[in-house]
Amino acid sequence: MSEHYFSKTPQSNRSPETWQYHLRHNTYQFTSDAGVFSKHSIDFGTALLIESFTRPDVPGDLLDVGCGYGPIGISLAALFEDHNVVMIDVNERAISLAKHNAEQNNIHHITVKQSDGLTEVMGEQFSAVVTNPPIRAGKDVIYQMFTDAKEVLQVGGTLWIVIQKKQGAPSAKKKLQELFGHVEEVARKKGYFIFKATKFDS
């Protein structure tokens, strides 16, 4: 079986790289490695999601699902210092990198933990869930993430996702509409869509 960035224990040889990236008026230093998503730079979709995100209307922690080496959670923690950020990923190497990157960017109100999907945070409550979902894991996995995200959101909380049209943006929007009842297209650029779904009922 071929290895993916959503493998639990990557076997590819380590080859860490450290580089800088500018996001929303801040410059960050990230260390990435083989076996994680978008090793050499922040991918366009992730950057667009970070640039598009707005503070939720309800107080509470933020959840970064499939955090990789941490660009979404770390940048949102820097922007919204009054929100704690929880970052989860199934990939052990990604978890190690995310913890390291939080430290080297002096971001301390972050919790990073390994989780297969949202299993390790079910029962908790968040004001926003943010994800660049692992499309290659398949539609069933992605849609379960959407369902579980609604479960852990507070009423008034929001789920933010980025997805390309060619990767199923129209069907993803339809699924979010079924689950949440209200989905907003926040941004569209270079074939990428940013959707925000708001939870209105418990």
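**Buried spots and a helix**

Q: Is P133 buried or exposed?
A: P133 is buried, with a relative accessible area of 3%. Buried means under 20% relative accessible area, exposed over 50%, partly exposed in between (1.4 Å probe, protein chains only).

Q: What should I know about the model and numbering?
A: This is a predicted model, where local features need pLDDT of at least 70, side-chain atom pairs count only at pLDDT 80 or more, and totals for chains, interfaces and linings use all residues. Residues are numbered from 1 along each chain as its sequence is written, and side-chain values use heavy atoms, with hydrogens and water left out.

Q: Thanks! What does P133 touch, not counting residues up to four places away in sequence?
A: I142 and V162, where contact means heavy atoms within 4.5 Å.

Q: How far apart are the C-alpha atoms of P133 and V162?
A: They are separated by 7.4 Å, and the two residues are 29 residues apart along the chain.

Q: Switching to S127, where does it lie?
A: In strand β6, residues 126-131. Helices (H or I, at least four residues) and strands (E, at least two) are DSSP runs, numbered from the N terminus. S127 is buried too, at 0% relative accessible area.

Q: Which backbone oxygen lies 3.0 Å from a polar atom of its side chain?
A: That of G60.

Q: And helix α1, why is it largely enclosed by the rest of the structure?
A: Because seven of its nine residues (44-52) are buried.

Q: What do those pack against?
A: Strands β1, β6, β7, β8 and β9, plus helix α2.

Terms used. A polar contact is a pair of N or O atoms within 3.5 Å; within protein, one must be able to donate a hydrogen and the other to accept it, and residues adjacent in sequence count only if both atoms are side-chain atoms.
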